[in-house]
Amino acid sequence: MSTEEHVWRAHVVRRLRERNRKECDNFKEVIEQNNRLIDHVAQLKADNLKLSVENEQLRSAVSTGGTGSNVAIATLEKKLLSQQEELTDLHKRKGENSQMIVDLNQKVEQQRISISEKEHSLAEQQTNNNRLRAEVQLLHSSLEELKKLNNTMLDEHTALQLAFSSLEDKLRGVQDENRCLLERLMRYKSKDADKLNEENESIIRKRLPSIFRKRSAKLKRDLEDAVREPSSSSNLSPSPGATPLQRNSTSPAQFVGGIIAGDDDFDEATINGAMEAIGLDDNEYISARFTAGEVCGDTRASIDALKSTGYLGQANPTKILMKFEAHENESHAVRWSPVERMVATGGADRKVKLWDIGKNSTEPRAVLSGSSAGINSVDFDSTGAYILGTSNDYGARVWTVMDNRLRHTLTGHSGKVMAAKYVQEPIKVVTGSHDRTLKIWDLRSIACIETKFAGSSCNDLVTTDSLGSTIISGHYDKKIRFWDIRTEKQADDVLMPAKITSLDLSKDCNYLICSVRDDTIKLLDLRKNQVISTFTNEHFKISCDFARASFNPSGLKIACGSADGAIYIWNVNGFLEATLKGHSTAVNAVSWSPNNNMLASVGKNKRCIIYSDS
């Protein structure tokens, strides 16, 4: 502190000397001239005194007599007069200089006052400076404490993140274990059902007369011949290379119109039991099985009876379980949670809403905001912990379902984003946009790591497995494109008859459905990359360019909404099994629950309808 005081004192002295130098320089000549005048006045006074003495001497001399000195006297008087005039002038100049000195003294006094005020202000500023230095020291100490606290919080956050990752891994492990247990349970149930069927068949064989056994053998031979030479008269029948469809182990004949894999799929007792139950003869049964529903009216009634008796497997969700207003404007997207009885919807009101169907609540469980334009699609990850939404504001967003918080915002497209799916979840996301590109995002760095240029607007996309090794996208230019992210090569495109509105994969990733703007739905076998079946109806019309179709969990039924407000359900063999009513305007999207036989749908009338089979 003493060093600082010495510095500012030296600074003040230096400033005072500088000011004194500047002020003295301005009046230095005046002061020197005044001094010269004072010296000159003194000299003149001395001369005047000397002349006065001489004058007196001359006068005394004149008074004593003499004519020659009169001229000298006159000269001296004239000189005296001039000297007096000069003296008067000098007195005048002396007065002016004195006045100037007075004025300068006043200015000096004013400067002294100003210096004292500045010294007082300097002292105050010094006090403030000392106070501010003390505050700065306090703030520095506070900043150090905050840094330590921040480091502690970062360590805690890292620990919590690790714990969260560990819990997520455990959750995935539990879910995988649960899935394995469910599959084992289904296998055990299937075995029990097969045993029960065998017992029933043995009982039926003992009771049936021989004529029905003969007819069963004849029918079996006819069926084998029909498999080798399938009928070509139906446009809706599956292609000869289609994959055999599994039948329900509890049903003797699950799918009319399916392709028989071998002799073990049917036996005498089960075929006879089904035919006796609905009153079909041999020719009608073969026709119904291989003409994809193009049978006579009586046979169609028999097929309806077969459906109602359960021979076609799981019943269709034809009853309305819930009906509620989902959004303020048009509803665009709907998706079931993979682990809960919960539905997510997205609409033109820029919100994603979660609905708890298990509680039959018509109030949203949560409203996820953050988008600045309408929502185009929604999707869950496999654990149901994250929900992914795309919108017309050229972005995609990720929310957490547990706390309803916006976690990531993915921006980079130059057109509205129509679809998004998880790739190598929960690490990466792929998005498709109207800017004719697909982008792959790393959620850890929230950055685009790869851009694929498709050359046409993307309306929907799917990934073939949890690793997302292959991305399938549907485009405005009528093409389905296949992208292998491991080799960065594009496989051969599949051309559709019109622009594509949606894609959906079966659970085994072997089959793909594609809704097309020519009011048809195409079924593709991905192992052959070819269309094996087409689904249509005279009343079925695709509602919009982003209308979504959906497989059921078993991959044996297809649902899609229509512009007339109906939802059409086909089985994969070509039968139109049901037409669901409830919407008064066009249906934009449908989604089949992965855990039970329930169907959710949204449309242009803001409404969401949940259908169930009970």
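Is tryptophan 355 buried or exposed? Tryptophan 355 is buried, at a relative accessible area of 1%. Buried here means under 20% relative accessible area, exposed over 50%, and partly exposed in between, with a 1.4 Å probe and protein chains only. The model is a predicted one: local features need pLDDT of at least 70, side-chain atom pairs count only at pLDDT 80 or more, and totals for chains, interfaces and linings use all residues. Residues are numbered from 1 along each chain as its sequence is written, and side-chain values use heavy atoms, with hydrogens and water left out.

Aromatic contacts were examined next. Rings of Phe, Tyr and Trp (its six-membered ring) pair if their centres lie within 6.5 Å; planes under 30 degrees apart are stacked, over 60 edge-to-face, and the rest tilted. This rule gives five aromatic pairs. In one of them, phenylalanine 324 and tryptophan 355 have ring centres 4.4 Å apart and planes at 35°, so the pair is tilted. Phenylalanine 324 belongs to strand β1 (residues 319-325) and tryptophan 355 to strand β4, so the pair ties together parts 31 residues apart in sequence. Strands (E, at least two residues) and helices (H or I, at least four) are DSSP runs, numbered from the N terminus. Phenylalanine 324 is buried, at 5% relative accessibility.

The rings of phenylalanine 540 and tyrosine 568 are edge-to-face, with centres 5.4 Å apart and planes at 75°. Phenylalanine 540 sits in the loop between β22 (530-535) and β23 (549-551), and tyrosine 568 in strand β25 (residues 567-571). The pair therefore ties together parts 28 residues apart in sequence. Phenylalanine 540 is buried at 1% relative accessibility, and tyrosine 568 is buried at 3%.

The surface carries patches. Like charges are joined within 9 Å, and nonpolar side chains (Val, Leu, Ile, Met, Phe, Trp, Tyr) within 5 Å. Arg14, Arg15, Lys22 and Lys118 gather in a positive patch. Helix α1 (residues 2-64) supplies its largest share, three residues. Arginine 15 lies in helix α1 and is exposed, at 54% relative accessibility. Leu146, Leu149 and Met153 form a nonpolar patch, with about 300 Å² of accessible area together. Leucine 149 is in helix α2 (residues 69-207).

How values were computed:
Patch = residues over 30% accessible without salt bridge, like charges linked within 9 Å, V, L, I, M, F, W, Y side chains within 5 Å. Areas by Shrake-Rupley, 256 points an atom, 1.4 Å probe, with all protein chains shown as cover. Salt bridge = Lys/Arg side-chain N within 4 Å of Asp/Glu carboxyl O. Lys, Arg positive; Asp, Glu negative; His and termini not counted. Charge placed at Lys NZ, Arg CZ, Asp CG, Glu CD.
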